[in-house]
Amino acid sequence: MTRQERAAWVFSAPVLAIIALVFVLPTTLAMALSVTDYSIYALADWANLRFVGLGNFIDLFSTPLFWRAMGNTALFAVLGVPMAIGASLAVALLLNDATVRWKPLWRVLLFAPYVTSIVATAVVWRFLFNERSGLINRALATVGAAPIDWLGNPHTSIPAILIFVTWKIFGYNMIVLTAALSVVPQDLMEAARLDGAGRWTRFRHVTLPAIGPTLLLAAVMSVAGFLQIFAEPYVMTLGGPAQSTTTILYFMFDEGFKWWNLGQASAVAFVLFLMILALTMVQTRIGRRYEWL
Amino acid sequence: MALKPRTVLANMAVVLLTGLTIAPLVYMVIVSFMPRGESSNLPTPLWPSRWSLENYHELLVRRLIDGAWFDYRIVPALFNSVAIAAISTVLGLLLTVPAGYAFAKLRFRGRERLLKILIASLVVPGQVAMLPLFLIFKQLGIVNSYAGVILPSLAGIFAILFVRQATLAIPDEMIDAARIDGASEARIFVTIVLPLLSPIVVTLALFMFLGSWNDFLWPLIVLADQHLYTLPVAVAAIAREHSADGELMMAAAVVTTLPVLLLFLAMQRYYLTGLLGGSVKG
């Protein structure tokens, strides 16, 4: 072993060992756990552990609440990704306008919600969404709208949480897209303008192709993020009302750490993993095929 | 010079949007100073009738109720959060910065393969590992301890790749020259590489501190003892029990968000440039 090689191992072995212990080993064990009936009995005594094959998955697929959680999570992702990315893009385009002053100041303030604790800000937004005295219904009342029981009605609970999540995260992709917009070729933009292309045409044929890869990457990461929603319903709605905000992770947490059905919960985790993997693969493929429109 | 209507419009839109975005945070601070119960009056008050510290007093001070000591355990949670975030950050840096450098500049067998595995593993959501990890930690006896919270945060795959990316920009000639001069590998790292990486290390430290401070699901799983709760776990526990207590909850939210918000505002340059550096994959 060369001196360089020895140094490399001294530098990287400790963290690689920790990664093996807290990430690689448990991820592998998760697959093993998902084919056992690991429950509170096995927690007390390993002798109670049995191999159940795909039993957990079969049970899971016949549990209505699991499908409810899948549906809710899908709804979060389908509505949330365009909402959050749309907000990020709109604000980034606005900030990109040459006439806007003090850009760094606005950028920092608009980004601020992203660095706050989800739990603390979820508490704040639950308060804002209060039906009787919340600030949001008060604002709505000034334009004559009737008060909405945002978090208490199964039809508005997901939109309400999505408003909160969008507020919380749009700053991240706003920054990423701002950087992408700054490298949109200006000579091309100018040429299009001289050719008489309107604002929309320039956006569609100059801006969009330039920021396409960034937009795609942002979408992939947002989908993954929305599939992992947990703290928001945990704090704001406890998964309700009528289980309308029970997400996959919320279901997994309850299954695993409230009822201690760790085998069953591992099956849920595995399904979540496969979904994120599949989505990432699909989106990379789309990106490769079209090289962005 | 007369302003064009378009300029005025764009600037007003930005101001309005920014105002809307920070309004919830400003309102959180305002309500936390309202006398108890005032925020549920109608119409919803936008300003306190008088500025009061009673919510903070209620939240932070231990007092005797019916002969038993009672508090919301926010002060211990604040202490836990600071300690856990600080320890995670320091250990995280010590572990990942040298590793990131090794992956960028030191030649060793298996490097490229390990790198591929690290990048691929970013796809696996951390929650998959959490259930077995809980059982492993239970066997190791570190459930319900600082170590149990901190250890998983040290597996900084993203941090390694982040440091590697930054290190690639350092010219090989500098390192080779030092090697020819007879400097040891450790010395090269400390005296040549580390100073060049210092802005990146500050950024990474900020990411790690904020990440640990805001982390919720894993501390919620691994901590059972209320005295070890971090702020988010403690606040979630209070929120699920005292949902009607608006002013008190806002005070709790202020205690949880304000320290990191101020930290972010003070060091925003490092944070935002780091964010862009991290989004470029090599």
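Modeller: The pairing joins helix α6 of chain A, residues 118-128, to helix α11 of chain B, residues 231-241; their axes come within 8 Å and cross at roughly 25 degrees. The model is a predicted one. Angles under 35 degrees count as roughly parallel, so α6(A) is roughly parallel to α11(B). As for hand, the crossing of α6(A) and α11(B) is left-handed.

Which residues make the contact between α6(A) and α11(B)? From α6(A) come A:Val119, A:Ala120 and A:Val123. On the side of α11(B), the residues are B:Pro232, B:Val235, B:Ala236 and B:Ala239. By class, the contact of α6(A) with α11(B) has seven nonpolar residues, with no polar and no charged ones.

Next, the contact between the two chains. Chain B contributes 75 residues to it and chain A contributes 71. Within the side of chain B that touches chain A, the helix that gives the most is α1(B), with 14 residues. That side of chain B divides into 54 nonpolar, 16 polar and five charged residues.

Chain B has two domains: domain 1 covers 5-70 and domain 2 covers 74-279. Taken over C-alpha atoms, the centres of domain 1 and domain 2 of chain B are 31 Å apart. Their contact involves 14 residues of domain 1 of chain B and 10 residues of domain 2 of chain B. On the side of domain 1 of chain B that touches domain 2 of chain B, α1 (5-32) and α2 (54-60) of chain B each supply at least two residues. The largest share of that side comes from α2(B), which gives five residues. Sorted by class, the side of domain 1 of chain B that touches domain 2 of chain B has seven nonpolar, four polar and three charged residues.

Last, chain B as a whole. Chain B contains 13 helices and two strands. Its radius of gyration is 24 Å, whereas the globule rule gives 19 Å for 282 residues; the value for chain B is well over that, so chain B is more spread out than a compact globule. Along its principal axes, the C-alpha trace of chain B spans about 75 × 70 × 35 Å.

Terms used: Residues numbered from 1 in each chain as written. Chains lettered and ligands numbered in written order. Predicted model: local features only at pLDDT ≥ 70, side-chain atom pairs only at ≥ 80, totals over all residues. Domains from an automatic or database assignment. Contact = placed C-beta atoms within 7 Å. Helix = DSSP H or I, 4+ residues; strand = E, 2+ residues; numbered from the N terminus. Nonpolar A, V, L, I, M, F, W, Y, C, P; charged D, E, K, R; others polar. Axes fitted to C-alpha atoms, helices over the stretch in contact; angles between N-to-C directions. Parallel < 35°, antiparallel > 145°, perpendicular 65-115°, else oblique. Left-handed = near helix turned anticlockwise from the far one by under 90°. Rg over C-alpha atoms; globule rule 2.2 N^0.38 Å.
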